[in-house]
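Subject: Structure handover

Dear colleague,

Here is the structure I said I would pass on. Please look through it alongside the notes below.

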Amino acid sequence: MNRIIKTVSLFVATTLLAQAQAPTPIKVNVAQPVSEIQPTMWGIFFEDINLGADGGIYAELVKNRSFEFQKPLMGWKIERKTFHEGEVLIQNRADKNTANPRFVSVKVENAQKGDLGLTNEGFRGMGIKNGLRYDFSVMYRQSGSPVKVHAELLDAKGQVIGEGTLTPSQTDGQWHRQAVSFNAKATEAKGKLRLWFEGNGQIDLDMISLFPEDTWKGRPGGMRADMIQKLADLKPGFIRFPGGCIVEGFDLNNRYQWKKTIGPIEERQLIMNRWNIEFAHRPAPDYFQTFGLGFFEYLQLAEDIGSEALPILNCGMACQFNSAEVVPMDQLEQYVQDALDLIEFANGDINTTWGKVRAQMGHPAPFNLKMMGVGNENWGPQYIERLKVFTKAIKAKYPNFKLINSSGTDPNGDRFDYLNKELRAMNADFIDEHYYRAPEWFLKNAGRYDSYDRNGSKVFAGEYASHTNNGASASNRNTWRAALSEAAFMTGLERNAAVVQMASYAPLFAHVEGWQWNPDLIWVDNLQSFGTPSYYVQQLYSLNKGTHVLSMTQNNQPLIGQDSLYASASWDKASNEIILKIANNNSQAQVREIQLDGVKKLDPNAKLIVMQSDPNAVNTFEEALKVSPSEKKIVVNAKTKKVSLELAPYSFYVVRIKTL
Ligand code: AHR
């Protein structure tokens, strides 16, 4: 009898203890959505940094194709059997062609293939693929007997792996373009292009170019397909371009001017990329912006991947960490006019000045541009003063056009507070906040927007990334720890979609041999690319966005770090699904029960997407999917409307539950 009493009391005690220790269920209120989630919510930030455009998505393989780099033969090597003074000369026709004044003159006397040549090293080599067609083209001018150009693709050992011959057909002393295509016979990550000259005479050459056939959408002179596919796979709501600091430039002369990036590519004036000189620990003396990829191409890219375009324009101020030049107020008009003209270029009727230019470039239909940023990371009263002039002029002509304003470089401090106050007083459409911070900052700030004014200016979380070494340091790494802290923070962005209506990780791309800034979302070499753990976190949010925010609480509080848990929920009107997101930043596994309130009928078979790894794990070319999502099935109790989740240590989950 005694034994029975003891056993029963032990059972009761254990049950009571278990009940006392079981965490309160997490509640999701499905009946009353909190706010809408904008289709633009998760987007991408593109800048020509880390060889993002030239040497990156712009598929041109020849570096310094127009001899306009500061050192005109940078990237080129003269190959010769016997030295003849003056046989290769850089000439300058600045009086006739200010955008592209230099060209190379090659003079040969009874030359055979192998006597005199020019080799281009590409951007840290050229990625060549076996069997693929390569399109070689030049602009040339000659008046005497024709000089043939033999183009050869070389592998890393200097062996020929593809060749074609171009025999210029015109000898009228005018500039012409001619092309020849040929297939590669081997794959090589460190290829080169060699030109041999055959004949007797002089040929002038410019815009020496080599493109692979397999560009995005097969466009000649287009973009690198594998890199753009990575962007398309994110299904981004918007694409911000062209930066970043390159919008501001080292000085005003070095600023990004969209009008110089459209029209025939040989007329687009190259400038130094300011990342060429920014970081002493990562010098890039060969980094220039050729603008083969310009504003027309960016607008087309946005259209191709179904994103809203978000161009950022210079506001009359150069980078305040560099020269900090400002344009005098009485000379700001040209900058404002550039902004107005851009809207006309994107949206204007084909009979307008700039709409006509767009149509001539092959896009008569408007791009339907809805927004633009004025200034990148600009700050101080000098910014507000200039911004007011832009805002007045743009809103007067286009009252519904949305403007994105800068809140400087940091998400707090005097500069931020000043701008935040001024911009809200101006009733800014969007305030662009940037945060490159340690993982701990992201975790601590998961509730940052919970107290933001719902009725005031909206927030664009325009640049953010978790930096394992807290700052723009070369030793930051794209670890799972960093990505998980972003996933945790992003629950706060999603929960506050009434305020935060756009967000983008930055920077987007980095070439393993040509980067300046670390970490980045996608890493590439000359042939391949892989997504970091942060890439997959961004993708999970974007592909599982939903249309409305749902309240998700424990003890009536949002999950912003209790037991190292972070969570948000949404509802997808189109698919009738409840979407839950939960990050467990705990070193221990945890079990949580989630109660779905206010729903009539649920499909018991739900989808569970998991990312889980060692916090220090990273993806590499060899293990590109080491930290990436995997999908499972999970059963929901359709009667009790409960789902129980076993949350592994350092994990992130997305659950999709269908309502019936
Ligand atoms: O994303 C890299 C740089 O960080 C951007 O160019 C700039 O806006 C920020 O400082």
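What follows covers the ligand site and then the nonpolar cores.

Please keep in mind that this is a predicted model.

Ligand site

In the side chain of Glu-47, an N or O atom is 2.5 Å from an oxygen atom of the ligand. For Glu-463 the corresponding distance, again from a side-chain N or O atom to a ligand oxygen, is 2.6 Å. Tyr-436 places a polar side-chain atom 2.7 Å from an oxygen atom of the ligand. On its own the ligand has 280 Å² of accessible area, and the protein covers 95% of that.

Nonpolar cores

The largest nonpolar core contains 123 residues, and Ile-394, Leu-493 and Phe-652 have the most contacts inside it. At least three of its residues come from domain 1 (22-33 + 549-658), and at least three from domain 2 (44-59 + 216-545). Apart from this core there is another one of 34 residues, including Trp-76, Val-106, Tyr-134 and Ile-203.

Leaving out residues up to four places away in sequence, Phe-652 touches Trp-480, Leu-484, Ala-487, Leu-540, Tyr-541, Lys-581, Ile-582, Ala-583, Ile-609, Val-610 and Met-611.

Regards

Key. Residues numbered from 1 in each chain as written. Predicted model: local features only at pLDDT ≥ 70, side-chain atom pairs only at ≥ 80, totals over all residues. Heavy atoms only, no water. Core = buried A, V, L, I, M, F, W, Y, C linked by side-chain atoms within 4.5 Å. Buried < 20%, exposed > 50% of the residue type's maximum accessible area, 1.4 Å probe, protein only. Domains from an automatic or database assignment. Contact = heavy atoms within 4.5 Å. Polar contact = N/O pair within 3.5 Å; in protein donor to acceptor, adjacent residues only side chain to side chain. Areas by Shrake-Rupley, 256 points an atom, 1.4 Å probe, with all protein chains shown as cover.
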